[in-house]
Number of protein chains: 2
Amino acid sequence: MFKKSYLLSPGPTPIPAGVLAAAAEPIIHHRTAEFSKIFMETTEGLKYVFGTKEDVYILTSSGTGGMEASVANLCSPGDQVLTINAGKFGERWGHLCKAYGVVYKDIVLPWGQNYPKESLEAELKANPAIKVVFATLSETSAGQIFDIQGFGEVVSKTPAILVVDGISGLGATPCPMDEWNVDVIVAGSQKSLMIPPGLAYVALSPKAWKLVEISKCPKFYFDLKKARQTLEKQTTPWTPGITLIIQQRKALEIIREMGLEKLMTHHRLLAEATRAGVQALGLELLAEIPGNILTAVKTPAGIDGSKLVKIMQNKYLAYIAGAQDPEKGKFFRIAHLGYMGGFDVITALTALEMTLADLGYQVEPGVAVKAAELILRENWI
Amino acid sequence: MFKKSYLLSPGPTPIPAGVLAAAAEPIIHHRTAEFSKIFMETTEGLKYVFGTKEDVYILTSSGTGGMEASVANLCSPGDQVLTINAGKFGERWGHLCKAYGVVYKDIVLPWGQNYPKESLEAELKANPAIKVVFATLSETSAGQIFDIQGFGEVVSKTPAILVVDGISGLGATPCPMDEWNVDVIVAGSQKSLMIPPGLAYVALSPKAWKLVEISKCPKFYFDLKKARQTLEKQTTPWTPGITLIIQQRKALEIIREMGLEKLMTHHRLLAEATRAGVQALGLELLAEIPGNILTAVKTPAGIDGSKLVKIMQNKYLAYIAGAQDPEKGKFFRIAHLGYMGGFDVITALTALEMTLADLGYQVEPGVAVKAAELILRENWI
């Protein structure tokens, strides 16, 4: 059979045809009025997605570059910070702090476990020296989302600032920056923003900028003060990812036309359908608060989780994600993020049913599809 | 939700990404060595698909142009021919003959009904003056395929020639031209050949060329003698569809790499899965010998067939085809033709289940998917 491949991973995500085609438009120079116009329109579109009146800076890097920019611009060596670590990406905040000599208290949680705002409140009360709380909107490694609204309430009452890795979450699950008192959000281009990887986005509150002014960490490429200075001149400090920005403007047009609220509803529906499907198969979810971005599913007893992912990826070309080390094999992750539709969920669940059957797991074909189909049909607009 | 559209029609069919992208390659001039090379390679690839050692002529037209070229080049006004008419496309042979003053006996069959080779044999015996038999490999309007092998056996024993409209069928269902004694096959680019519409392909046996030599029908653009003369010089008589030919070469590479036999198996499997799915829903097929190209399904009692197609197309963006006049509403057609995969069948069946439910038809969700899934899984390579 012709094998078509399906990207069901939490980044990169599928890209609308018109956005893909935009990469083939003639390349233009970035120090031109033509590009400045595109650049500023992209910035405006990002402000809409971020839910902020602050400027959003476009960095030519992957999301991790945006995380590094946050640490390097907000902290000084020896600063005390808190990192909420419930997976690979929460853990990365700690790795970055370590690299820059920032003293971090790592709140290590089992993957998939929630961290209530009350715990954060107690932590900040116990450690008033903490200058920054590094959190994650959607922990991609575990399919868990966090109560950023609650964190914002708690942190905004203290001198500390709240920095959120919104890379996989922004656009798919609510996180209005200004309304929720989030000081810094980092986002990435290859998630709900529906373009290829290569751009990171960062916005900062006035409270965060005060820390930038006194930060002593070394930085150059990711210097946000330089980014601020050049944005005033409608340009970037370094050569930007020109075609990616052209694509991002196009994808943002789609998002604005659809509206942010509908974009959230879209992700919620796909998530609900996916969860209903896997639960109909008798499988369990990993996360306490599963997000709309991806569904992490525990590998059923007696099944080799790595094999399951391999069959999904290599036989059915349904490119779901496995669990990352050290949880490898214990669960798998089906994304429903970005430019996906109801039938992508159906494809994922059908491939999962077939894979489970291949592995000898007792499965009634069509059961997951049925559960998802009912939700999709009821909500199909 | 993001709505992705799915082309489930019997042409145009989905196009592989690399083939789509080839249309964006720099346009080159057609009177160059560079284009001649592409043109000749495309011709060679088409010979492979046609199963012939004869040359295949590339006409810049849709499939109907290839049909007209056959009539205009093979016949003379007043010639007696036979047209086998079991649907819109079989009927078209008669319309073409009429336009050129060719005397045709139209064998009119109910849509979906077979025409046995014995009937053709009897017909030719009764009318020895018949010079050409115009038949159809896959009658797209009804999802019916015909016994071209049997027709070839019968016609090859007579002075008549067999001309086959293979537009939707070639590449999806067997029809090896030389082996089956088919004198002329017409094909189109937008079916199993996996490129956009715009090119028609025609190959002729030596027996057919003898008729071309004495044909008195007027022709200019579709003059196959001109095409033969220019092919010797590795070019075309008129400006060809350059980018389409570039795309066709690329798609033929995919087909050659896969192999023709596997391409047939692919279509057969998707067809079997689709038929099993719709039959599991209690629906009936239209065709006596359903082909591997598309499945025509009778509209169940109490359901408005036109509404069904509209919901599939406009709500679920699953672009199946309705029935054409005068059968409109009586059945609908799900194609599994060209660059489709197993999950496209699942998408079609899920959309059909949801549409039937929308129309109040008693349907157990997942039932069609289950039936198809079992076949797909067993045969997934």
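What covers the buried residues of α2(B)? The cover includes β2 (56–59), β9 (184–188), β10 (200–204), α9 (242–258) and α10 (260–280) of chain B, where contact means C-beta atoms, placed from the backbone, within 7 Å.

A word on conventions: this is a predicted model, in which local features need pLDDT of at least 70 and side-chain atom pairs count only at pLDDT 80 or more, while totals for chains, interfaces and linings use all residues. Residues are numbered from 1 along each chain as its sequence is written, and chains are lettered from A and ligands numbered from 1 in the order in which they are written.

Helices (H or I, at least four residues) and strands (E, at least two) are DSSP runs, numbered from the N terminus. Helix α2 of chain B, residues 33–50, reaches 25 Å from its first C-alpha to its last. That is close to the 26 Å expected for its 18 residues, taking 1.5 Å times one less than the number of residues.

Here are its two sides, with buried meaning 20 or more other C-beta atoms within 10 Å of a residue's own, and exposed 12 or fewer.

| State | Residues of α2(B) |
|---|---|
| Buried | B:F35, B:F39, B:T42, B:T43, B:G45, B:L46, B:V49, B:F50 |
| Exposed | B:A33, B:E34, B:K37 |

Seen down the axis, the buried residues of α2(B) fall within an arc of 165°, so they line one face of the helix; the arc is that of the directions from the helix axis to the C-beta atoms. Just after α2(B), B:G51 takes a positive phi of about 65°.

Now to the chain contact: 30 residues come from chain A and 30 residues from chain B. On the side of chain A that touches chain B, α12(A) gives the largest share, eight residues.

Technical notes:
Two residues are in contact if their C-beta atoms, placed from the backbone, lie within 7 Å.
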